[in-house]
Amino acid sequence: MTTSSLPHLEGPICPLPLSHPDQIVMGHGSGGQMTQQLIASVFQSRLTSEALAANNDFGSVALPDGSLLKGRVVVSTDAHIVTPLVFPGGDIGKLAVCGTVNDVSMSGAVPLYLAAGFILEEGLPIRLLEQIVDSMRDAAQEAGVQFVAGDTKVVEKGKADGIFINTTGIGWLPEGMSIGGERAQPGDVVLVSGTLGDHGIAVLAARGDLDFETSVQSDTAPLNGLIQTVLQAAPHTHVLRDPTRGGLATTLNEIAAQSKVAIHLDETAIPVNRVVRSACEFLGFDPLYIANEGKVIVIVPPNEAEAALDAMRRNPYGQNAARIGVVEATPAGLVLLKTIIGGTRVLNTLAGEILPRIC
Amino acid sequence: MTLLDSFRDGKKVRAAMDELHRSVTRPWTIMEICGGQTHSIMQYGLSDLLPPQIELVHGPGCPVCVTSIELIDKALAIASQPNVIFTTFGDMLRVPGSHGDLFSVRAAGGQVHIVYSPLDAVKIALKNPDKQVVFFAIGFETTAPPNVYSVLQAQALDLKNFSILVSQVRVPPAMEAVLSSPHSRVQAFLAAGHVNAVMGYWEYLPVAEKYRVPIVVTGFEPLDLTQGILWAVRQLEQGTHEVQNAYSRVVTKEGNTRAQQAIQKVFMECDRNWRGIGMIPMSGWRLRPEFARFDAEQRFQVGDIQTHESEICIAGLILQGLKNPHECPAYGTLCTPQNPLGATMVSSEGTCAAYYNFKRNPPVKG
């Protein structure tokens with residue numbers, strides 16, 4: 001190739017923006033920025049209340065005047081979809097109970113009652129439905145919650161993916177308890193109850209599209225027991241939140257934004273199962289963005305951090321609990337990660353759908 | 001500790017970094033060719049640890065970013081057809097064409113499947129004999145072997161319903177294009193180790209000689225990258241311009257000769273448009289005429305496409321290493337990963353996306 005045959009390099013050229021404002025795309029369900037924008041533009045502009053405006057995974061409402069009970073009522077609702085319906089470590093039934101029990105528990109409340117709505121696709125085997133409902137019963141028993149209402153609808157073949165389950169949970173929040181994503185303060189310590197990314201990788205492997213197998217099990221579990229022991233050990237806990245869709249990174253970004261603080265993490269301290277790390281590496285994912293269904297982030301004042309950590313480690317669902325970072329005042333709204341080699345990077349919110357990298 | 005862990009060992013990286021700090025006496029500008037390396041540099045915060053004299057500029061080595069808008073538009077047109085299963089690597093879904101992306105096609109009912117290997121696309125074609133299965137064969141030399149094997153496998157199976165849309169690009173012509181630019185600031189290259197694993201580095205010897213530029217074949221882990229930069233700096237300080245192999249656990253001078261033979265059997269060199277850069281002569285591969293029946297561009301009538309690019313962002317300058325992302329007025333405000341103005345913001349290997357994800361604020365040097 002001679003120099004004269006080389007191109008005249010063009011100046012600034014680039015494609016048009018695509019934010020998908022006109023139709024739903026999969027990224028709107030990712031739990032990341034696209035989800036947040038959809039909620040803000042479609043839902044929050046039309047449906048509002050004080051409880052919704054707090055931007056937590058639960059709503060906390062006052063008991064009516066004349067009620068003899070003290071404290072508040074906590075409500076949370078969650079629609080559950082997963083492919084495949086049964087995966088190592090759980091199924092959609094267990095997921096539907098644990099997801100809502102955990103969302104209620106993240107307020108510090110004791111979950112008490114559940115309601116479930118089922119959308120069943122024509123052709124779903126009854127045996128499979130029985131298996132799923134058995135899992136719901138077992139998970140509810142473990143969590144100590146009772147099903148008190150339900151509904152079932154059937155849609156034509158092709159209009160759903162086997163079964164969708166919506167669950168709503170109700171819990172009681174004792175007086176004096178004040179926990180939420182807006183309460184993280186500079187000086188607080190950030191804890192996590194165990195290894196990250198297990199659920200997402202277990203489900204991805206079970207899906208079979210990517211032709212890989214792992215020994216990883218989903219971590220789906222009801223965390224209300226663990227949380228109650230943490231709250232006994234660390235009564236001034238500021239934030240509890242489960243890093244589900246969007247993973248640890250997205251959840252911590254939500255908290256940093258709500259509390260207007262910076263969260264500084266130490267990469268070497270973040271627990272990730274070795275198999276999950278390897279799977280992420282060859283699939284081109286980051287485990288800090290992968291979903292969890294049995295983990296909780298706990299943000300506590302420094303003098304209660306050790307007690308909270310000990311309490312978690314004594315619980316079967318918290319044996320790998322770790323102290324992963326601290327809350328600081330600046331740079332407010334950002335999550336920063338000190339890397340294993342000592343550099344620093346921003347840990348951003350997941351943008352849209354998680355896409356594997358090419359090479 | 002596994003083999004890989006030792007290349008991420010903080011102590012070893014700092015020891016190599018100390019050596020680098022001792023070796024550098026003047027400012028130097030080094031380009032890492034490969035988007036995977038850019039991603040790794042940002043992911044580990046490596047640029048925080050570099051001596052202030054060293055500026056890293058990020059090269060055009062992201063195949064997602066440089067795939068031309070004409071080919072994206074062709075992909076969208078083919079994927080929108082009713083009887084087609086369009087298969088692709090994941091991050092191509094987000095790349096905007098003139099009027100949409102593969103996400104939009106999928107939301108409108110098109111069958112767009114993410115695969116990890118083109119051989120999976122062949123399997124899909126076997127399972128769906130009544131559908132046309134197309135694989136979007138993008139990439140540098142690294143992905144060329146699996147892409148050509150998919151064609152050879154389809155030929156052996158006599159598949160009538162499999163074809164590939166080829167956007168295959170090559171590193172050496174891009175290096176020459178960068179070096180020939182009158183504005184080029186690049187004084188040394190880190191070559192992309194995975195590309196060299198396939199191609200070896202014999203092709204780089206004449207480039208180093210002609211442009212008197214040091215080229216160091218470099219891996220992707222923090223220690224690999226630090227060592228690659230260190231070797232490049234030593235050459236720059238000494239005024240030499242050799243091709244060195246700092247990734248010898250993977251790369252040989254000859255490369256993978258069987259893979260190279262397979263590539264030569266199926267592909268031939270051709271001119272190719274690079275998004276944001278323009279046409280680089282003989283910088284791509286296309287299917288040889290004897291494999292034309294596997295060419296999606298011929299199987300589907302998609303020749304006549306009018307393209308349209310935005311004029312706000314500076315991806316073209318970024319891909320040439322002339323600017324860094326934070327110098328773009330749209331960066332981080334109008335242009336973010338979920339609303340990319342430019343291809344460099346689209347792929348996680350793209351320079352702007354790597355900056356946004358790992359370094360959003362404040363901007364780093366380099």
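**Close-ups from a predicted two-chain view**

**Close-up 1. T87(B) sits opposite H113(B), a residue of β4(B).** Keep in mind that this is a predicted model. The strands to look at here are β3 of chain B, residues 84–88, and its partner β4(B): they run parallel, joined over four bridges.

**Close-up 2. Zooming out in chain B, we get an open sheet of six strands.** Reading across, the order is β4-β3-β5-β6-β11-β10, and the pairing is mixed. Which strands sit at the edges? Those are β4 (111–114) and β10 (267–274) of chain B, each with pairing on one side only. Going from one strand to the next, the twist averages 25°.

**Close-up 3. Helix α8 of chain B lies across part of that sheet.** The helix takes in residues 144–156, and the strands it lies across are β5 (132–139), β6 (162–169), β10 and β11 (278–287) of chain B. Against β6(B), α8 runs at about 155°.

**Close-up 4. Over in chain A, the domain assignment gives two domains.** Domain 1 covers 57–62 + 69–173, while domain 2 covers 189–346. Their C-alpha centres in chain A are 23 Å apart.

Terms used
Residues are numbered from 1 along each chain as its sequence is written. Chains are lettered from A and ligands numbered from 1 in the order in which they are written. This is a predicted model: local features need pLDDT of at least 70, side-chain atom pairs count only at pLDDT 80 or more; totals for chains, interfaces and linings use all residues. Two strands pair if DSSP finds at least two bridges between them. Helices (H or I, at least four residues) and strands (E, at least two) are DSSP runs, numbered from the N terminus. Axes are lines fitted to C-alpha atoms, for helices over the stretch in contact, and angles run from 0 to 180 degrees between N-to-C directions. Two residues are in contact if their C-beta atoms, placed from the backbone, lie within 7 Å. Domain bounds come from an automatic or database domain assignment.
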